[in-house]
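Here is a friendly briefing to read with the model open beside you. Take a look at the structure first, then follow the topics below.

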Amino acid sequence: MTHVLKIENLHVSVNGKSILRGVNLTMNHGETHALMGPNGSGKSTLGLVIAGHPGYEVTEGSITLDDQDILDLEADGRARAGIFMAFQRPISVPGVKMADFLRHATTNVRRPDRKEGEELIAMREFRKELKQKMEQLRMDPEFARRYVNDGFSGGEMKRAEILQLAMLQPKFAILDETDSGLDADAVRLASSSIAEIGREKMGLLIITHHDKLLEHNPPEFTHVMLGGRIVETGGVDLAQELHSQGYDRIRQAHPDAERANQEMTSDDQAELAVG
Amino acid sequence: MTTSHVESEICQFDASGFEHFVEGSQEPDWLTQHRRQAWRTFESTAWPDRKQEDWARSDLRGFKLDHYGLPTGLPSGPDSLSDANIPCWLADGVQPAGYVHTLNGCVVKEELDTKLASQGVLFGDLRRLASEASDVIQAHLHSIVQPDQNRFAALQAATWNAGQLLFVPRGVRVEQPLYVAAGLTHEACDTAHTLIVLEEGAEATFLYEGNSESAGAKGLHLGGVEIVVKPGAHLRYVNLQDWGRGVWNFAHHRATVDRDASLQWTVAALGSRFSQVGQQVSLVGEGAHSQVNGVLFTQGKQHLVYNTLQHHEAPHCRSDFLYKAALQDKSRTVWRGMIGVDPEAQKTDGYQRNDNLLLSDQARADSIPGLEILADDVRCTHGSTSGKVDEELIFYAQSRGFTRKEAVRMIVTGFFQQIFDRITIESVREALGLSIARQVREYS
């Protein structure tokens, strides 16, 4: 059976301010989708809403995974249903070792019916798998003993997210700017790592400004977001066009969305100025 | 193994009760005199009030001394900790060199490795040893915890009913820990005193835990702990209290650490309705070193007050202090910490830090660090933080499949990990980790 993640007419607000204004997107298992768009267009919001961030209010529309409505699930329910998000800025968890964190996470995701307090997957088996995945991603074994994202460099954080992706083996993964803040070599490594994990084994939504990450992961579909909507969808050539020529053509072709985008980003600026 | 069964009566904390208690005991004269003097101090001293700095954030409303009394011997009923439903968290995975079990302050069971005994190590019931090893005890008992510092200290000094002595002679290293489990039944009272003396170059590990028969049990604990670490000696001391949520706990803990000696002191406070603990370390000889680790985890309406002092009396000493508290519900913690440096204590290296994690909007953590430095060539640093659990962190963990409760439990455990990383006794690390995990509740 093939899995389908379907987003229909999704409207989202935060603190009463509209951010997503009718997003439609359907992804099949095994497909790679690129989500591009200028700053403030709503890309990260879409990722966080799919993952279940409690700070966003869905005012209209639906998100279904294999016809199951996931909007009623908290983030952990969605993770267990097979959703994963690699964060743009992963958060550090002081005092919690990467291996312990991942063992618990892996257990919960692989045994969605596990109750709190029930046993975790066997240490031996888990360690073996973790070691093998870390070798595959060319990560220092010491990594597993460090506290989650604590004192990690930008590159280490992103690789830690990819390691989590590899261990959790979701049905659908959203990679939010997994390339940002990395130098060219690090992006190449991240990109090839994602390819090695087997993008054909999941549905991938890659949120990016650049096409580097797409080098090893050519998208079947490229979506362009502007003003809280997906305004254009194309193939890998669209991603290449946006990367080389920017968003001018898009902005001109969709004046309503462009206006909305400017409103959203100017509000951001105002908020920054106040905050 | 020795088990003592004496006909038990309950003596009130009044003049005739005290007389009865003293007359019934077969103690050396010096000790009786000692008790009588402390009793006079108790009678002539007022209860502490909030005008005193250490008690300014304490709340003694509801405390009634006449609700409690002193057993003169082992009460009838359960005569072992397991029969009384008293847990022993720190015993897991430990092969102690000796142990003492007390119930309501009376020794129910004790044992010491015979090889250590033949090396001159004394360990066991302080009251029994007050006759058998009178010299050692007379020389050190209440030599550093002063009975006249307040009314609770005086009462405890006058009426301590049992307790433990550890005496390790010069140069003797005790590899396995010595273990004390103190149990308290509902509405009972424990006034036990701990005296630890490590002679020059000696080494030992001492684990103490106090538990009630149930989480909701009431009771009174008046505690005294005196630790004397002589030159070149090394002690690791662990004190875990998980008294019932209705227990009043007043304790005075003090250590002196002499030349080139060290003390690693780990405190874990989970229980009691109200606790007022004074914890002091005095570095009295050149090159002495102390490390204090504190784990406080509160819930309900618990109110824990810790007044701590790192007193540098000699040059070239190092004191390191870290207390971490996590608070649930409407609980409250107060930490008032002081580093005191005497004029002669040059080249002091002092550090103190207190971090608080607020798991509820209604919890409150007061953190009051202080420095009093009378020498001019020292390095002293201090700091404190208080904050809530980061919601973004909870979301991050939830997005990895953790339930909200599991996420909070993990965050709390991680918060304390910095302390666990400093504790060098594996069984203690594990026991504390489990104790904390058991008590984490829903966070919203």
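B:D329 is partly exposed, with 15 other C-beta atoms within 10 Å. Here a residue is called buried if 20 or more other C-beta atoms lie within 10 Å of its own, exposed if 12 or fewer, and partly exposed in between, with C-beta atoms placed from the backbone. This is a predicted model, in which local features need pLDDT of at least 70 and side-chain atom pairs count only at pLDDT 80 or more, while totals for chains, interfaces and linings use all residues. Residues are numbered from 1 along each chain as its sequence is written, and chains are lettered from A and ligands numbered from 1 in the order in which they are written.

- Most residues other than glycine have a negative phi.
- B:D329 has a positive phi near 55° although it is not glycine.
- You can find B:D329 in the loop between β18 and β19 (332–341) of chain B; helices (H or I, at least four residues) and strands (E, at least two) are DSSP runs, numbered from the N terminus.
- A:D66, also a residue other than glycine, has a positive phi near 50°.
- A:D66 sits in the loop between β4 and β5 of chain A.
- A:D66 is partly exposed, with 15 other C-beta atoms within 10 Å.

**The open sheet of chain B**

- Ten strands of chain B make an open sheet with mixed pairing, in the order β4-β3-β7-β10-β12-β14-β16-β18-β20-β22; two strands pair if DSSP finds at least two bridges between them.
- At the edges are β4 (106–112) and β22 (379–388) of chain B, each of which pairs on one side only.
- From one strand to the next, the twist averages 5°.
- Strand β3 (residues 98–103) of chain B runs antiparallel to β4(B), and six bridges link the two.
- Within β4(B), B:C106 stands opposite B:L103.
- Helix α8(B) lies across β16 (289–298), β18 (318–327) and β20 (349–358) of chain B, at about 170° to β18(B); axes are lines fitted to C-alpha atoms, for helices over the stretch in contact, and angles run from 0 to 180 degrees between N-to-C directions.
- Helix α9 (residues 426–439) of chain B lies across β10 (203–212), β12 (234–242), β14 (262–269) and β16 of chain B, at about 25° to β16(B).

- Strand β6 (residues 163–168) of chain B runs parallel to β9(B), joined by six bridges, and B:V168 has B:L198 as its bridge partner.
- Strand β11 (residues 218–229) of chain B is also parallel to β9(B), again over six bridges, with B:V228 as the bridge partner of B:V197.
- The largest nonpolar core has 211 residues, of which B:I196, B:L198, B:V229 and B:L235 touch the most other members; such a core is a set of buried Ala, Val, Leu, Ile, Met, Phe, Trp, Tyr and Cys residues joined through C-beta atoms within 7 Å.
- The largest share of this core, nine residues, comes from α8(B).
- Beyond its neighbours within four places in sequence, B:I196 is in contact with residues including B:L166, B:F206 and B:Y237; contact means that the C-beta atoms, placed from the backbone, lie within 7 Å.

**Chain A**

- Four strands form an open sheet with antiparallel pairing, in the order β2-β1-β4-β5 (chain A).
- Its edge strands are β2 (17–28) and β5 (68–69) of chain A, each pairing on one side only.
- Helix α1 (residues 43–51) of chain A lies across β1 (4–14), β2 and β4 of chain A, at about 70° to β2(A).
- In strand β6 (residues 83–86) of chain A, both faces are covered: A:I83 and A:M85 on one side and A:F84 and A:A86 on the other are all buried.

**Where the chains meet**

- The contact takes 22 residues from chain A and 20 residues from chain B.
- The largest share of chain B's side, ten residues, comes from α8(B).

Definitions and conventions. Contact = placed C-beta atoms within 7 Å.
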